[in-house]
Amino acid sequence: MDTRTLADMQITPVGVGTAPIGSGRDWPVWWGPQDETESIRAIHAALDLGVNWVDTAPFYGWGRAEEIVGRALHGRDDVLVFTKCGTFPDEQHGSRMDLRPQAIRADVEASLRRLQRDRVDLLQLHDVDRATAIEDSCAELQRLVDEGKVRHGGISNHPVGDVERALAVGPVGALQYQYSLLHREPERVILPLAVERRIGLLAWSPLASGFLVADFDVTALVADDFRREHPFGQLDLAPLRRALVEIGGRHGVSAAQVALAWTLHRDGVAGAIVGVRSQAEAGELPGAAALRLEPAELDALQAAAP
């Protein structure tokens with residue numbers, strides 16, 4: 001699989017996302033039942049096919065995803081591991097942000113134990129904490145880099161002004177934002193900044209939580225799956241799905257692979273984070289990474305998107 005540059009790392013265009021496999025009923029975002037053994041098989045399948053990075057977070061199942069990743073990667077030093085920090089459970093079965101330096105340090109120490117590693121390759125500020133100056137948070141990231149516990153610090157889900165403030169403190173290794181055919185907000189300011197500053201963007205939810213899969217049926221989900229109430233479920237996705245299937249047919253690939261390829265064609269995008277839960281889903285990753293869409297096909301997808 002070809003690679004792209006992210007900071008001083010060479011990453012495959014697609015990486016393994018772990019929010020779904022960390023999902024549990026004690027977590028605010030329930031993806032339905034998970035099979036840990038199958039999750040580990042899915043990770044192994046992706047790695048065997050050439051994928052070289054995994055993105056996770058202590059937020060995903062309150063450590064469950066990191067524990068699964070730690071077991072899946074045990075004894076493997078050839079895989080890049082990206083995680084996040086700052087999200088903690090609150091008393092209302094939700095979450096709260098705390099990016100104070102002491103919270104970041106405690107979070108990464110716990111992540112390293114769960115991941116069974118001495119260092120993570122990328123530690124990202126997960127979401128905005130308005131009670132803490134981002135300069136203080138980024139200074140702590142840099143201290144962890146200097147200590148060898150973190151290779152690069154990154155930023156996730158922050159407004160562009162916060163990214164500029166972070167850059168005044170030190171290097172930003174990556175930007176992580178939701179980006180797909182159904183969520184294109186990063187095109188306004190974040191992607192232009194990524195291109196200008198040469199910071200790779202990692203796109204999360206490039207398949208729009210499954211809504212860009214041709215046969216996705218929200219009514220088939222378990223009753224309390226969060227996607228049953230997702231705003232994407234209110235959109236008329238039939239024209240876009242038809243376009244994805246038609247283009248996929250020309251190339252001999254699936255609609256999901258076309259949707260991923262669309263994201264990967266955008267300037268500034270270094271990689272797409274794909275939450276795979278089975279070996280079959282992992283098997284689609286190389287095809288998505290290798291797919292080259294024509295300009296007319298890219299335009300057709302954008303025209304069909306609601």
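A: Begin with burial: a residue counts as buried when its relative accessible area is under 20%, as exposed when it is over 50%, and as partly exposed in between. The model here is predicted. Ala-208 has a relative accessible area of 0%, so Ala-208 is buried.

Q: What is the phi of Ala-208, and where does Ala-208 lie?

A: Ala-208 is not a glycine, yet its phi is positive, at about 55°. Ala-208 sits in the loop between strand 11 and helix 8 (238–251).

Q: Which value does the phi of Ala-7 take, and is Ala-7 buried, exposed or partly exposed?

A: Ala-7 also is a residue other than glycine with a positive phi, near 55°. Its place is the loop between strand 1 (4–6) and strand 2 (9–11). Ala-7 counts as partly exposed because its relative accessibility is 37%.

Q: How is strand pairing read, and which strands make up the barrel?

A: Two strands pair if at least two bridges are found between them. In this model 8 strands form a closed barrel in the order 3-4-5-8-9-10-11-12, with parallel pairing. From one strand to the next, the twist averages 30°.

Q: How many bridges join strand 11 to strand 12?

A: Strand 11 (residues 201–204) and strand 12 (residues 269–275) run parallel and are joined by 4 bridges. Within this pair, Ala-203 has Ala-272 of strand 12 as its bridge partner.

Q: Which strands does helix 9 lie across, and at what angle does helix 9 run to strand 12?

A: Angles between axes are taken between N-to-C directions, from 0 to 180 degrees. Helix 9 (residues 255–264) lies across strand 3 (14–17), strand 11 and strand 12, and runs at about 150° to strand 12.

Q: Ser-39 and Ser-111 are in helices. Why do they count as buried, and which residues do they touch?

A: The cut-off for buried is under 20% relative accessible area. Ser-39, in helix 2 (residues 36–48), counts as buried because its relative accessibility is 2%. Leaving out residues up to four places away in sequence, Ser-39 touches Ile-21 and Ile-68. Ser-111 belongs to helix 4 (residues 101–115), and its relative accessibility is 0%, so Ser-111 counts as buried too. With the sequence neighbours up to four places away again left out, Ser-111 touches Pro-58, Glu-66, Thr-83 and Lys-84.

Q: Where is Arg-117, and is Arg-117 buried or exposed?

A: Arg-117 lies in the loop between helix 4 and strand 8 (122–125). Its relative accessibility is 14%, so Arg-117 counts as buried.

Q: Which residues is Arg-117 in contact with, beyond its neighbours within four places in sequence?

A: Contact means heavy atoms within 4.5 Å. Arg-117 is in contact with Leu-73, Arg-76, Asp-77, Val-79, Val-81 and Leu-112, its neighbours within four places in sequence being left aside. A C-alpha separation is another kind of reading: 8.8 Å lies between the C-alpha atoms of Arg-117 and His-74, which are 43 residues apart along the chain.

Definitions and conventions
Residues are numbered from 1 along each chain as its sequence is written. This is a predicted model: local features need pLDDT of at least 70, side-chain atom pairs count only at pLDDT 80 or more; totals for chains, interfaces and linings use all residues. Side-chain values use heavy atoms; hydrogens and water are left out. Helices (H or I, at least four residues) and strands (E, at least two) are DSSP runs, numbered from the N terminus. Buried means under 20% relative accessible area, exposed over 50%, partly exposed in between (1.4 Å probe, protein chains only).
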